[in-house]
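The sequence and the coordinates come first.

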Amino acid sequence: MRKKNSTNSINEEALKHGCGMSYTLSVLGGRWKPAILFTLLKGKMRYSELRKNIAGVSERMLVAQLRELEDDGMVKRIIYPEVPPRVEYELTTMGMETAPMLRHMSAWGNKHRQIIQSDDSESVHNLPAVGVKKTTASKKEAVA
């Protein structure tokens, strides 16, 4: 755990308070949070259902990420007074608002993963970077 008065912590807090993108990534970022939220778009689920639907997540990590999402107001934990106790998770209204963004992120990832994994990966490396002008003449040609 980081000290609250470290430069890194102070800078992180300043970014979260001043930049919507940084705040969003602090709430939704990480390996498992998007998968948890995307899975809960299907509806209310018990812990065991979530674990089965999210391949590779450990019990410890799933519990920790669910707690963080609950603390951030994205997920609601419903405890039923039964024996044995039954617990379900569902998205809150704020969590549901992430649906379009999560779907777009998933579509973007699927599209670009296919491009990069295709046999014609050479074309990916020839794409110009965003905001960078591609020049037609090399420096040697320009000097000559």
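Val75 stands opposite Leu91 in β3. The model that shows this pairing is predicted. Val75 itself belongs to strand β2, which covers residues 75-80. With a relative accessibility of 3%, Val75 counts as buried, because the cut-off for that class is under 20%. Leaving out residues up to four places away in sequence, Val75 touches Leu37, Leu40, Leu66, Leu69, Glu70, Tyr89, Glu90, Leu91 and Thr92. Two residues in this list, Leu37 and Leu40, are also buried residues of helix α3. Val75 and Met94 are separated by 19 residues in sequence, and their C-alpha atoms lie 8.4 Å apart.

**The sheet**

Strand β2 is part of an open sheet of three strands, ordered β1-β3-β2 and paired antiparallel. The edge strands are β1 (45-46) and β2, each of which pairs on one side only. In general, strands of a sheet pair through backbone hydrogen bonds, in either a parallel or an antiparallel sense. The two pairings in this sheet are listed below.

| Strand pair | Sense | Bridges |
|---|---|---|
| β2 and β3 | antiparallel | six |
| β1 and β3 | antiparallel | two |

Strands β2 and β3 also form a hairpin, with five residues between them. Tyr89 of β3 takes part in both pairings: Tyr89 is the bridge partner of Met45, and Tyr89 is likewise the bridge partner of Arg77.

**Helix α3 against the sheet**

Helix α3 lies across β1, β2 and β3, and it runs at about 95° to β3. The helix spans residues 33-40, and its buried residues are Lys33, Ile36, Leu37, Thr39 and Leu40. Viewed down the axis of α3, these buried residues fall within an arc of 165°, so they line one face of the helix.

**Glu88 in strand β3**

Is Glu88 buried or exposed? Glu88 is buried: its relative accessible area is 12%, and the class is assigned because this value is under the 20% cut-off. Glu88 is found in β3, which covers residues 86-91. Which side chains make polar contacts with that of Glu88? One is the side chain of Tyr80, at 2.8 Å. Another is the side chain of Arg86, at 3.3 Å.

Apart from neighbours within four places in sequence, Glu88 is in contact with Lys44, Met45, Arg46, Lys76, Arg77, Ile78 and Tyr80.

**The chain as a whole**

The protein has nine helices and three strands. Along the sequence these follow the pattern α-α-α-β-α-α-β-β-α-α-α-α. Of its 144 residues, 20% count as buried. The accessible surface comes to about 11200 Å², and 56% of it belongs to carbon and sulfur atoms. Among contacts between residues at least 6 apart in sequence, 43% join residues at least 24 apart.

Conventions
Residues are numbered from 1 along each chain as its sequence is written. This is a predicted model: local features need pLDDT of at least 70, side-chain atom pairs count only at pLDDT 80 or more; totals for chains, interfaces and linings use all residues. Side-chain values use heavy atoms; hydrogens and water are left out. Helices (H or I, at least four residues) and strands (E, at least two) are DSSP runs, numbered from the N terminus. Buried means under 20% relative accessible area, exposed over 50%, partly exposed in between (1.4 Å probe, protein chains only). A polar contact is a pair of N or O atoms within 3.5 Å; within protein, one must be able to donate a hydrogen and the other to accept it, and residues adjacent in sequence count only if both atoms are side-chain atoms. Contact means heavy atoms within 4.5 Å. Accessible areas come from the Shrake-Rupley method with a 1.4 Å probe; for residues, only the protein chains shown count as cover. The arc is that of the directions from the helix axis to the C-beta atoms. Two strands pair if DSSP finds at least two bridges between them. Axes are lines fitted to C-alpha atoms, for helices over the stretch in contact, and angles run from 0 to 180 degrees between N-to-C directions.
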